[in-house]
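Q: Could you walk me through a few features of this model, and show me how to read each one?

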Amino acid sequence: PFQFWFVFKATTAFDKYLYSSLAMVTVTVATFIAGKFVFSKGNSTAKEVFKNAGWRWGKPKEYIAVIAFALLVWFVPNMIELIFDWHKPIGNILIVQVLGAFLFRFVATLIPAFGEEFGWHGYMLPKLALQFGVKKGLLIHAFIWWFWHLPVVVGMGIKTAVTGSNVFVNVLILLAITIIPTMLHAVIFAFIWSKTKSLAVVTVYHAAFDEVRDTLENAIGFGPLVKI
């Protein structure tokens, strides 16, 4: 429901943050319920159930690497567009304001981002890998991660359908063009977690990826290269 509200009811930046954050935090709640009460053996404590989720801070170079990757994905192509005049900014660019907006959004996103990472990678991914093997478990995890985003994808398909066009076809097109990149991105998230064994590092990547994207989109706008 929170993802549908994000698409259809969010009219302000706060609304978007609220609904998306609530959706992300539900992953934490569901994971705790599943891990502690549904799938746990006997009277295992929460500490025992989630002991291998990735409770380490990680190394400074790991944080630098994930933030650099987020910048590579969003900032670099955005700057290329501006340099070659492929895209006009939507307003006057004030670097201090852009950085301030990013830092504020980044810090605000850390807690809900942790909520997702705790569920997807601290709990679900290792459980699936143990049960189905690494490759198959990784693919199942990636598909579930895409499937969880379906309310947003379907909602955007309905909302962006041109008047007179077939809404069903528009939704199918969005489903088709989102499944591969979303699953591939799930693999990147999984790689970061498995490489660092740190929920903190993968949470920082999640927040950096989302907020570099959103800050640039709001401050400068996206041209064709960034969208690709």
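Q: Let's start with I67: is I67 buried, partly exposed or exposed?

A: Keep in mind that this is a predicted model. I67 has a relative accessible area of 32%, so it counts as partly exposed. You'll find I67 in helix 4.

Q: Which residues make the nonpolar surface patch?

A: To join such a patch, a residue needs over 30% relative accessible area. Here the patch is made by I67, F69, L71, L72, V73, F75, V76 and I188, and covers about 570 Å². Helix 4 gives the largest share, with seven residues.

Q: Now the rings. How many aromatic pairs does a search of the whole structure find?

A: The search turns up 21 of them. When you look at a pair, check the angle: planes under 30 degrees apart count as stacked, over 60 as edge-to-face, and the rest as tilted. Take F32 and F50: their centres are 6.1 Å apart with 25° between the planes, a stacked pair.

Q: Which parts does the pair of F32 and F50 tie together?

A: F32 sits in helix 2 (residues 13–38), while F50 is in the loop between helix 3 (46–49) and helix 4 (60–83), so the pair links parts 18 residues apart in sequence.

Q: What lies over the face of W193?

A: For a charge over a ring, look at the distance to the ring centre, which has to be within 6 Å, and at the angle to the ring normal, within 35 degrees. Here K197 lies over W193, 5.4 Å from the ring centre.

Q: Last one: which residues of helix 7 are buried?

A: In helix 7 (residues 150–159), they are L150, V153, G155 and G157. Their cover includes helix 1 (2–8), helix 6 (134–148) and helix 8 (167–196).

Notes:
Residues numbered from 1 in each chain as written. Predicted model: local features only at pLDDT ≥ 70, side-chain atom pairs only at ≥ 80, totals over all residues. Heavy atoms only, no water. Phe/Tyr/Trp six-rings, centres within 6.5 Å; stacked < 30°, edge-to-face > 60°. Helix = DSSP H or I, 4+ residues; strand = E, 2+ residues; numbered from the N terminus. Patch = residues over 30% accessible without salt bridge, like charges linked within 9 Å, V, L, I, M, F, W, Y side chains within 5 Å. Areas by Shrake-Rupley, 256 points an atom, 1.4 Å probe, with all protein chains shown as cover. Salt bridge = Lys/Arg side-chain N within 4 Å of Asp/Glu carboxyl O. Buried < 20%, exposed > 50% of the residue type's maximum accessible area, 1.4 Å probe, protein only. Contact = heavy atoms within 4.5 Å.
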